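Please examine the sequence and the three-dimensional structure shown here. A report on selected features is requested.

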Amino acid sequence: MTTPFKTCLLIDDNYIDNFITRRVLESSNFAEKIIVRQSPMEAIESLRDGSVNPDVIFLDIRMPMMSGFEFLHEYDGLEIAKKGIKIYMLSSSLDPTDMKQSSDNKHITQFIHKPLTVKALEEICQ
């Protein structure tokens, strides 16, 4: 797979999930740069100050202090160029409410179940 994205931002509080997801992204040559933020608040600040300019974001739902949906609310208020940024909700949640809320959100491109797989990345790149 050629590198379809320049910068990928992974937002998840779980170290093991981040390790696995990062390995899948790296082995698939998915992005030139992979940035991990274990705190949604740190991710918001990185986006706000311009230190991170992703073209794709993988976002977990269940995180302490700020959920993925709360992140999206904050993201919506950011004064940054959002056009072209694809956000994928990457979660182990099987709650139909989470899936519905994801599909109803204007920023979410797709809901993907953890763990992230090479097959899921190939589908994203089609």
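## Basis and confidence

This is a predicted model, in which local features need pLDDT of at least 70 and side-chain atom pairs count only at pLDDT 80 or more, while totals for chains, interfaces and linings use all residues. Residues are numbered from 1 along each chain as its sequence is written, and side-chain values use heavy atoms, with hydrogens and water left out.

The protein chain has a mean pLDDT of 95, and 98% of its residues reach 70 or more; pLDDT is the predictor's confidence in each residue, from 0 to 100. Helices (H or I, at least four residues) and strands (E, at least two) are DSSP runs, numbered from the N terminus.

## Helix α2

Helix α2 spans residues 40–48, and its buried residues are Pro40, Ala43, Ile44, Ser46 and Leu47. Seen down the helix axis, these buried residues fall within an arc of 165°, so they line one face of α2; the arc is that of the directions from the helix axis to the C-beta atoms. Buried means under 20% relative accessible area, exposed over 50%, and partly exposed in between (1.4 Å probe, protein chains only). The cover over the buried residues of α2 includes β1 (5–11), β2 (31–37) and α3 (68–77), where contact means heavy atoms within 4.5 Å.

At the N-terminal end, serine 39 caps α2, with a side-chain oxygen 3.2 Å from the backbone nitrogen of methionine 41. Glycine 50, which follows α2, has a positive phi, near 80°.

## Nonpolar cores

A nonpolar core is a set of buried Ala, Val, Leu, Ile, Met, Phe, Trp, Tyr and Cys residues joined through side-chain atoms within 4.5 Å. The largest comprises 22 residues, and Leu59, Phe71 and Tyr75 have the most contacts inside it. Two or more residues of this core come from each of β1, α2, β3, α3, β4 (86–91) and β5 (108–113). Helix α3 gives the largest share, 4 residues. Another core, of 17 residues, lies apart from this one and includes Phe5, Val24, Ala120 and Ile124.

Leaving aside neighbours within four places in sequence, tyrosine 75 is in contact with Ile44, Leu47, Ile57, Ile80, Lys82, Ile85, Ile87 and His107.

## Cysteines

The structure holds 0 disulfides, a disulfide being a pair of cysteine sulfur atoms within 2.5 Å. The closest cysteine sulfur to that of cysteine 8 belongs to cysteine 125 and is 10 Å away, too far for a bond. Cysteine 8 is buried, with a relative accessible area of 0%, whereas cysteine 125 is partly exposed at 32% relative accessibility.

Aspartate 98 belongs to helix α4 (residues 96–104) and counts as buried, at 4% relative accessibility. Its side chain makes a polar contact of 2.6 Å with that of arginine 62. A polar contact is a pair of N or O atoms within 3.5 Å; within protein, one must be able to donate a hydrogen and the other to accept it, and residues adjacent in sequence count only if both atoms are side-chain atoms. Not counting residues up to four places away in sequence, aspartate 98 touches Ile61, Arg62, Phe69, Ser93 and Phe111.

Histidine 113 lies in strand β5 and is partly exposed, at 35% relative accessibility. With residues up to four places away in sequence again excluded, histidine 113 touches Leu90, Ser91, Ser93, Leu94 and Met99. The C-alpha atoms of histidine 113 and methionine 89 are separated by 8.2 Å, although these residues are 24 residues apart along the chain.
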